[in-house]
Every structure is written in C-alpha cells, then in structure tokens.
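Please look over the model below before reading on.

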Amino acid sequence: MDNNKEWGKILKIIKGQINIQNFSTWFSQTSLHQINDERLIISVPSAFIKGELIRRYDNLISSTTKQVTGKHLSVEYLINSSKFTKKIPIKEEGIFPLGNIKTANIQNPLNPKFTLENFMVGFTNNLAFAAAQAVVQNPGVSYNPLFIYGQSGVGKTHLMLGIGNALLSKKPYYKVVYAPSEKFMNDFVDSIQTKKTGDFRQKYRSCDILLIDDIQFISGKDSTQQEFFHLFNELQNKNSQLVFTSDRPPNEIVKLEPRLQSRFQGGLMVDIQLPDFDTRVAILKAKIKERGEFLDEEYIKIIAETVESNTRELEGKLIQIIQLIKTTGNKPELDYIKKLMGKPHTNTQFLDHKKVLAEINQYFNIRMADLTGPRRQKELVIPRQIAMFLMYEECNLPMERIGQILGGRDHTTILHGIEKIRQLSQRDRELQRLVLEVRQGLIS
C-alpha cells in the first residue's frame, strides 16, 4: 500500500473540513508512518503537534480514515523531528492570507471562561438558554440565526460565547469567528484601505460559526450593511450557524436595512431580562466560588436585594464588600452593610406607564385625551414624543405596546419619536431640561 497516496487522500478531505490556516499549521508537517488492518500511525515533528492533533482533530482524523480505507483503524502518533526537512506537497488553491487585517486568534477565538455550564439560568433567561442548547444540538438547523437581545449586563455575550465553546468542544475542527460589531466594521474598513477585501471575505465567509456581538452598531453604516447582507446569505446557504446579540429587537434598530431586519427576524429571537432575586443570588454565589472567596449568606442576600440592575453592577458591589472585609479583618454589622449599599437600585422596567402619562399631563398641563388622541397640534408633539421616549426607556415597553397606549399609533411613528428625543436631548439644552424634570417627577 502506498502510504503517501493514502495519506494524501485523507489530507485532501480534512483540508476541505477546516480553515486553511489551521490546516497549514497542524497538518503540513505530518506524514503516514504506517498503515495496516488495525492501525494508522502518523509521523509528527514534535510532542506539541501530537498533543494538538489529538485535542483538536482526533475525531476528524478517525472518521476521515474510515471514509478513505473503509475500516475503523486506531490512530497513533510517532514523534520524528528529524524526518521533517520539507513539507508534504499539498496544492494550496484559494489561499487568502490574512495579512494586515486585525483578526481574532483563529486558533482559539473564544474566552473559555464563558460556558453554558456556568451560565446562571433563571426565570428571566430560561427561554434563551433553551434556545442555546438547541443550537448546540443542531447547529445551522434548529434556529438560524439565533438573535439574542436585552439590555447591557444581562448575559447576552456569555450565552453566545457559551454556544461557541460548546460547539468547539464537540467539533474542535469547526472554524469559529467571533467579533463585536465594531471589530467587524474595522476589519471591513481595513480591508478596503489595504485592498485586501478577498482576505476579509475569506476570513468571515469560510467559518462554520459566526458570532457577532452588539449587531445594532452596524445600523446607519450603508457599506457595512451591504457587505454583511452578502455574508449572511452565503453563510446561511451553507448552513453555518449564525448568532447575534443586540440591545434591542431587529425592528427597533434605527437605520437597519429592511432586508437585514427581515433576515434577523427569520430565525429565533429571544430576549433576556434583568435577573430576578433568586438568579441574582445564584450569580453572586457563582462569582464568589470563581474568585475563591467566602461570604455569609446574609451578606449575599443584602447585595441581591439592593442591586436589581445588571450583573456587572452586582459583581461590583460584591467585590466592594469582599474588599471591605479583607481590609478591616472583621465582618461588619449587617446594618452597616445595608447603609453602605445605599437604597435599593429599583429596576425601572416595572415603572407603570400610567405614571409616565400622568406626569406628562401634569407637567405640560394637557389632557390625557389629547395626549393619546389623534390631534397633531404643535403643542402636543414634544410632550407626546417625550412620553414615547420615557415609556421605552423607563418602563421597558416594546414599541408596539407604546403605540397601542398612545391611541393605536404605528411602530414607525413611535420609533421616530423616540429617536428624535434621544438625538435632540444631546444638543438642545431646553429639551434636556424638560426630560430631566419629567424624570425627576417620576421618582419623587
């Protein structure tokens, strides 16, 4: 049996299953030492290469060997550094070196500390977690794309990276590309400036799993959206798994092209809300264990009761208490801890929209019927748009619900009103004052 010929067939199949950089790194300096009816022995130049081949590609090599030989052979490795004075000739068609494009580490692009196993599941995120598990079971099939949305600090990125790490643990030869949307845009701009768009497309369009964080930031970037549209279509057509996160659902992303909006909505959209009390306690306990610390149960509950906002602030308060105990060397009194934590950080998503409307009516001295009715007089426009903005920001209501409350107005009208107040309040001092005073009235 011609060893080189058999190994060449195996390598040709493997080359089609992984990205070219990984293939060149791990397989270009291998050869077939021996093959018989029971085993296949691969010559490798070092113990490091051997270990990485076993860790990353053992299943792929075994299955490909069976495909070529028709036999289930055990795969073994022989370290023979003196043999590799030149590489096995493998035709490298279609190679696009990454060059100067700022890329993630393709060998290990994901932070290993974010897993599905250490993701704290509760009432407010169990649907998103179930969707993530389904994606891991059937990538590219169950939910594609998976669109995860929610406000900052609720665990969207953790869940997305957990999906990627779970898929890599099952199939280490998968090519995963993870990038915040800002990095995707920077890579695209760099590729244009350096005239290496082919490198950019090879990187993103050849992946098995694409993870893009904070996808809302591509809104308003026409060229980036056009490039992303073609990337989306190509990856979905070849059943690559797509996972995106955003701070809002697709239909609320301003200046997002309709064709992208429809594609994002074509998969599964799941939201993650702020964690409830029990989940906050579980998160705190997990963080304490992760840091190798200890904290009494009553302190944990005080933190969980006080901080009802995102998990980053939750962890910040935890660190503050742990450092206080370490600095003083004593356990402080519970009353002191409560005083230190301050008043509970109220979760504004539970603010009743009726309170917003009542405050608007009182502040601007207008009737409820005028605020929610069809009249379009100039004096009603700003109060009504501030009401839209505050119900969206303070009550955490979806735009469709806000439209229903305000007399059946459509989604685009609400979206326009929210964005107008958001933009004007950045440069119009008078409007800033109005919004601030109405907000103060809501919390007084």
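How many of the 444 residues of the chain count as buried?

1. The share that counts as buried is 48% of the 444 residues; buried means under 20% relative accessible area, exposed over 50%, partly exposed in between (1.4 Å probe, protein chains only). This is a predicted model in which local features need pLDDT of at least 70 and side-chain atom pairs pLDDT 80 or more, while totals for chains, interfaces and linings use all residues. Residues are numbered from 1 along each chain as its sequence is written, and side-chain values use heavy atoms, without hydrogens and water.

2. The chain has 19 helices and eight strands, taken as DSSP runs numbered from the N terminus (helices H or I, at least four residues; strands E, at least two).

3. Helix α14 covers residues 353-364. Among its buried residues are V356, L357 and I360. At its start, a side-chain oxygen of D352 comes within 3.0 Å of the backbone nitrogen of K354. N365 follows α14 and has a positive phi, near 60°.

4. The structure holds 16 salt bridges (a side-chain nitrogen of Lys or Arg within 4 Å of a carboxyl oxygen of Asp or Glu). One of them joins E234 and R205 at 3.2 Å, N to O. E234 lies in α8 and R205 in α7, so the pair ties together parts 29 residues apart in sequence. E234 is partly exposed at 36% relative accessibility, whereas R205 is buried at 18%.

5. E393 and R422 also meet in a salt bridge, at 2.6 Å, N to O. This pair links α16 with α18.

Technical notes:
The expected span of a helix is 1.5 Å times one less than its number of residues. A polar contact is a pair of N or O atoms within 3.5 Å; within protein, one must be able to donate a hydrogen and the other to accept it, and residues adjacent in sequence count only if both atoms are side-chain atoms.
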